[in-house]
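User: I would like to go through the side-chain packing and charge pairing of this model, one question at a time.

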Amino acid sequence: MPPDTLSPSRLAAFERCPRQLWLMTFRADSAGSTDDAADRRATAHAIAAEARRQMHDLVMIDPASGRSAASAATGAAIATRQTIAGAQFFHDGVRAIVDILEPDGDGWRIIAVRGSPKAKPDHLAALATQAWVAAANGLRITSVHVRHLDRDFTLDRSGIAAGCSSIPT
């Protein structure tokens, strides 16, 4: 059964190739859902978890809590101007889950955490979709960023995580 909402990654798949989205929706076994893809997802989750660990006073939105609960938890955290991991927004049939949403002056900064060494076109497209959905929910988006791996980073003291940097896009 097809999902009831689109996501930035599904929209990016459509932009690359409409058939890819169709395959992801109706024939997941034919769309590259292999063990290799599962390994990439596990690595991405580990990188995102490390990025969240480095943030202080972070409110986590449980992605499995359901649409209503996630929306309510996101709204409550926004109302108190807290930094949020996994903020969820819905607009016009699109569901956007923001890796990190943090207060920025009188607006909000969206940060996408990615496991690649540089920002890629797909990352920017996903951020644009997230910003559009968040803005449609009444947020003033001041900036968007891709936080990615820095392969030139060397850990030189205990307690500092290796390889994370942030660049504005």
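User: Leaving aside neighbours within four places in sequence, which residues is Phe89 in contact with?

Analyst: This is a predicted model, in which local features need pLDDT of at least 70 and side-chain atom pairs count only at pLDDT 80 or more, while totals for chains, interfaces and linings use all residues. Residues are numbered from 1 along each chain as its sequence is written, and side-chain values use heavy atoms, with hydrogens and water left out. Taking contact as heavy atoms within 4.5 Å, and setting aside neighbours within four places in sequence, the partners of Phe89 are Thr74, Ile78, Val94, Arg95, Ala96, Val98, Leu101, Val133, Ala134, Asn137 and Leu139.

User: Which residues of the largest nonpolar core touch the most other members?

Analyst: A nonpolar core is a set of buried Ala, Val, Leu, Ile, Met, Phe, Trp, Tyr and Cys residues joined through side-chain atoms within 4.5 Å, where buried means under 20% relative accessible area, exposed over 50% and partly exposed in between, with a 1.4 Å probe and protein chains only. The largest such core has 21 residues, and those touching the most other members are Ile78, Ile84, Phe89, Leu101, Ile110 and Leu139.

User: How many residues does the other core, the one with Met55 and Leu58 among them, hold?

Analyst: This core lies apart from the largest one. Ile111 and Val113 are also among its residues, and its size is 6 residues.

User: Which residues are joined with Arg109 into one salt-bridge network?

Analyst: A salt bridge is a side-chain nitrogen of Lys or Arg within 4 Å of a carboxyl oxygen of Asp or Glu. Arg109 pairs with Glu102, with the closest N and O atoms 2.5 Å apart, and also with Asp104, at 2.9 Å from N to O. Glu102 counts as buried at 15% relative accessibility, whereas Asp104 is partly exposed at 23%. Through these shared partners, the residues joined with Arg109 are Glu102 and Asp104.

User: How many residues apart in sequence are the parts that Asp99 and Arg114 tie together?

Analyst: The side chains of Asp99 and Arg114 form a salt bridge at 2.8 Å, N to O. Asp99 lies in strand E3 (residues 94-104) and Arg114 in the loop between strand E4 (107-113) and helix H5 (121-136), so the parts that this pair ties together are 15 residues apart. Strands (E, at least two residues) and helices (H or I, at least four) are DSSP runs numbered from the N terminus.
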